[in-house]
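Reader: I have a structure to look at and would like to learn how to read it. Could we start with the helices and then go on to the sheet?

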Amino acid sequence: MSDYINKPNSNLKNLQTKTSSIYRKSLSAVFPGSFDPITLGHTDIINRALPLFDRLIIAIGINVDKKYMFDTDTRIEMIKTVYRNEPKIEVMQYSGLTVDFCQQNDLKFILRGLRNPADFEFEKTIAQTNRKLGDVETVFLLTGPETSFISSSIVRDIFRNGGDISKLVPAEIMHVIISEQKKE
Ligand code: ADP
């Protein structure tokens, strides 16, 4: 009997190792932004983050003092259209602090894209503040060279002036953009 008790239980150890890797807590992250509109720069970051997380919430931040080109419902529709076949992605909207949104939804990771040193300087203080305020980590992915120049504001400028934005935004949202253009 004592022999049995003192023997390391290798089966139990194996089982613990197995269960801890199979049943690790699922990882969720939020990708916050204005997505006015979603661009190929955003989708580059989202697509590369998908293998890292079990669930990715794309959260449209609403700032009442800011004027958007596309209304919130249109921006949500555009993102949902692009990711209609991706079960890991949810689209939400929020106002106020991103860190409060994280706490309300039990999210521990914020995803951000970095295009250049200016993005880094801007994001650094926000990330450090969010870690202090809400114990939330920010995960940065570096932009791909072929999309680093794209920003929603460039897309809006081209769109306003009647230019071709089809190389800057996902093909799936062109019909939404064209129908918005007709409304103007
Ligand atoms: P924008 O700056 O284009 O208006 P958002 O405010 O919606 O975009 O930004 C949401 C996130 O997407 C930010 O982390 C931003 O750095 C990232 N992002 C936007 N465009 C790109 C891009 N071309 N490459 C990498 N990340 C990007």
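Reader: Where is the kink in H6 centred?

Author: The bend at a residue is the angle between axes fitted to the seven residues ending there and the seven starting there. In H6 there is a kink of about 25°, centred on Glu123. Helices (H or I, at least four residues) and strands (E, at least two) are DSSP runs, numbered from the N terminus. This is a predicted model: local features need pLDDT of at least 70, side-chain atom pairs count only at pLDDT 80 or more, and totals for chains, interfaces and linings use all residues. Residues are numbered from 1 along each chain as its sequence is written.

Reader: What follows H6?

Author: Asp135 does, and its phi is positive, near 55°.

Reader: In what order do the strands of the sheet lie?

Author: Strands of a sheet pair through backbone hydrogen bonds, either parallel or antiparallel. Two strands count as paired if DSSP finds at least two bridges between them. Here five strands form an open sheet, ordered S3-S2-S1-S4-S5, with parallel pairing. Strand S3 (89-95) and strand S5 (137-142) are at the edges with a single partner strand each, so one side of each has no neighbour in the sheet.

Reader: How many bridges join S1 to S2?

Author: Six bridges join strand S1 (residues 28-33) to strand S2 (residues 55-62), and the two run parallel. Pro32 stands opposite Ala59 in S2.

Reader: Which strands does H6 touch?

Author: Residues are in contact if their C-beta atoms, placed from the backbone, lie within 7 Å. H6 packs on the sheet and touches S4 and S5.

Technical notes. Contact = placed C-beta atoms within 7 Å. Axes fitted to C-alpha atoms, helices over the stretch in contact; angles between N-to-C directions.
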